[in-house]
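Please open the model in your viewer and keep the selection panel at hand.

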Amino acid sequence: HLLRASRRQVWKEILKIGLPVSIQSMFFSALSMIIARIISGWGDAAIAAQKVGSQIESISYTTAEGFATALNAFIAQNFGAGKKDRIHKGFRTAIGMMILWSCFTTVLLIAFPAPLVQIFIQGDEQVLQIGVSYLRIMGFSQILMCLEIASSGAFQGLGRPMPPSLVGVIGNFIMGVFFSRLMIKSLSGFKPLRKKWLFGGSDKA
């Protein structure tokens, strides 16, 4: 039987590892909806630019998520085998690779945003301008974002998913929404500037 005494500890361990990550994912989905609602107030061009910019930026965070998955498996295997030296070596190697990749995406997003946006958007100058601003702002957060995502995989591999989940929920959801509202008010007299920094800042605040 699934609920017999011998299985209770297994369920407890599964919930301990899986529940914080699940809650974090739910908060991320909620944050995406809230940000979309805020951006919709700026019109169709703003929504289009943010969606395209987010897809372009995914070359960075999806790679980091892949490394997080690899780190999770690698560290869990070696943690179970008691090979701490391999854990340290694997973590340093993965973080080093993430730094190199995130530096590349940082340069790509900041220095070449227009060609990237033009792959998807052509003939709409307003969407192009907003998309270029969005990518340049996003470029400044790539290194820290990639390190955060990759490190979360290491914590999960050690059976400690709570620290990165707390950081993700507090930093990305609570602070993200807070700073979005703060920027709207503080830049209320500078509409063009407000529009640019709202898209980027709200995602990475």
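A residue is called buried when its relative accessible area is under 20%, exposed when it is over 50%, and partly exposed in between. The model on screen is predicted.

Begin by selecting helix α5, residues 125–139. Eleven of its 15 residues are buried, so α5 is largely enclosed by the rest of the structure. Colour the buried positions of α5, among them Val127, Leu128, Ile130, Tyr134, Leu135, Ile137 and Met138; Gly131, Ser133 and Gly139 are also included in the buried set.

Proceed to helix α6, residues 142–157, and select isoleucine 143 within it. This isoleucine is partly exposed because its relative accessible area is 31%, a value between the 20% and 50% cut-offs. Which separation in space accompanies the 40 residues in sequence between isoleucine 143 and cysteine 103? From C-alpha to C-alpha, the two are 6.3 Å apart.

Now select helix α3, residues 84–111, and locate arginine 92 in it. Arginine 92 has a relative accessible area of 56% and is therefore exposed.

Finish at helix α1, residues 5–40, where isoleucine 14 is found. Show Val10 and Trp11 as well; with Ile14 they make a nonpolar surface patch of about 290 Å².

Technical notes. Residues numbered from 1 in each chain as written. Predicted model: local features only at pLDDT ≥ 70, side-chain atom pairs only at ≥ 80, totals over all residues. Heavy atoms only, no water. Helix = DSSP H or I, 4+ residues; strand = E, 2+ residues; numbered from the N terminus. Buried < 20%, exposed > 50% of the residue type's maximum accessible area, 1.4 Å probe, protein only. Expected span 1.5 Å × (residues − 1). Patch = residues over 30% accessible without salt bridge, like charges linked within 9 Å, V, L, I, M, F, W, Y side chains within 5 Å. Areas by Shrake-Rupley, 256 points an atom, 1.4 Å probe, with all protein chains shown as cover. Salt bridge = Lys/Arg side-chain N within 4 Å of Asp/Glu carboxyl O.
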